[in-house]
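Good morning, and thank you for coming.

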Amino acid sequence: MSPTSMDDGAVRQRVLLLDLDGVLVDTRPVMEEAWHSVTRAHGIDVPFEAYEQHLGRPFDDIMARLGIADAGRVHETYSQASQAASHLARHFNGMTEVLHAFAAADWRLGIVTSKPLNRAAPLIAKLGCPFATVRTPGGPGRGKPAPDPLLLALVDLAADPACGTYVGDMEVDHEAARRAGVRYVHAGWGYGRPGTPTPAIAHSPSDLLQLLDVSDESAPFVAGSLL
């Protein structure tokens, strides 16, 4: 399926935006180890499962929801521990091949994550796929579940919301996509529930190809090629 023309004559560029944690990369072991470092260092009696329920939101927002003060110092500890435990992260099976198939089918790829860029960049680099935009906290706009990061990613790619699909694994991802006017697909292999109304669910990375009608007969992806 090739890009189509819109009513105003502009090319309809298909865009696939993806969350990072729980969608592209399995970082749960990293996050759990980092959170245990936080509880030890700051005497915080909050289990990892309580922290995990709020994944996808900005870190300060999660701290406020958990009733934890001095979020800046806690975040510093968490960030340092995450970097030390980064070797525990693993890419989900088949994800790299799926990304290459989308690229070969002329989709523009982007990442929208609540993970800071200094921790996200090494994980993204290991995927070996050229992303046309990466939106992380620290720039303009609000974090998820606000639509801002998704809309900014679309601005980066000069694409309309109607041309975009966001793949996430938490309810905040679903809400952000709804508020941005972007199609949402829930990564069933991730960490959270899809929320309501029930969206399309991909049970494995390869399911994305069928759900989004990407032909398996696309030209082979060549590393370093332009999207």
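The largest nonpolar core has 56 residues, and those touching the most other members are Leu24, Trp35, Tyr51, Met63, Phe102 and Phe131. By nonpolar core I mean a set of buried Ala, Val, Leu, Ile, Met, Phe, Trp, Tyr and Cys residues joined through side-chain atoms within 4.5 Å. Buried stands for under 20% relative accessible area, exposed for over 50%, and partly exposed for what lies in between, with a 1.4 Å probe and protein chains only. Helix α5, residues 95-104, gives the most to this core, with 6 residues. Another core, of 14 residues, lies apart from it and includes Leu150, Ala159, Tyr166 and Tyr184.

A word on the source: this is a predicted model, in which local features need pLDDT of at least 70 and side-chain atom pairs count only at pLDDT 80 or more, while totals for chains, interfaces and linings use all residues. Residues are numbered from 1 along each chain as its sequence is written, and side-chain values use heavy atoms, with hydrogens and water left out.

Which residues does Trp35 touch, not counting residues up to four places away in sequence? They are Ile44, Val46, Pro47, Phe48, Tyr51, Met63, Leu66, Ile68 and Tyr78, where contact means heavy atoms within 4.5 Å.

Helices (H or I, at least four residues) and strands (E, at least two) are DSSP runs, numbered from the N terminus. Just after α3 comes Gly67, with a positive phi of about 70°.

Helix α6, residues 117-125, has Arg119, Ala120, Leu123 and Ile124 buried. Here the arc is 125°, so these residues also line one face of their helix. They pack against β4 (25-26), α4 (71-84), β5 (90-91), β6 (108-112) and β7 (133-135).

I turn to the charged pairs. There are 13 salt bridges in the structure, each a side-chain nitrogen of Lys or Arg within 4 Å of a carboxyl oxygen of Asp or Glu. Asp21 and Lys115 form one of them, at 3.4 Å from N to O. Asp21 sits in the loop between β3 (15-18) and β4, and Lys115 in the loop between β6 and α6, so the pair ties together parts 94 residues apart in sequence. Are these two residues buried or exposed? Both are buried.

Arg142 meets Asp148 at 2.8 Å, N to O, and Asp148 counts as buried at 16% relative accessibility. In helix α8, residues 171-180, Arg179 and Glu175 lie 4 residues apart, about one turn. Their closest N and O atoms are 3.2 Å apart. Arg179 is partly exposed at 36%, and Glu175 is partly exposed at 29%. Salt bridges with shared partners also join Asp19, Lys144 and Asp173 into one network.

Lastly, the cysteines. The structure has 0 disulfides, a disulfide being a pair of cysteine sulfur atoms within 2.5 Å. Cys129 is buried, at 9% relative accessibility, and Cys163 is buried at 7%.

Definitions and conventions:
The arc is that of the directions from the helix axis to the C-beta atoms.
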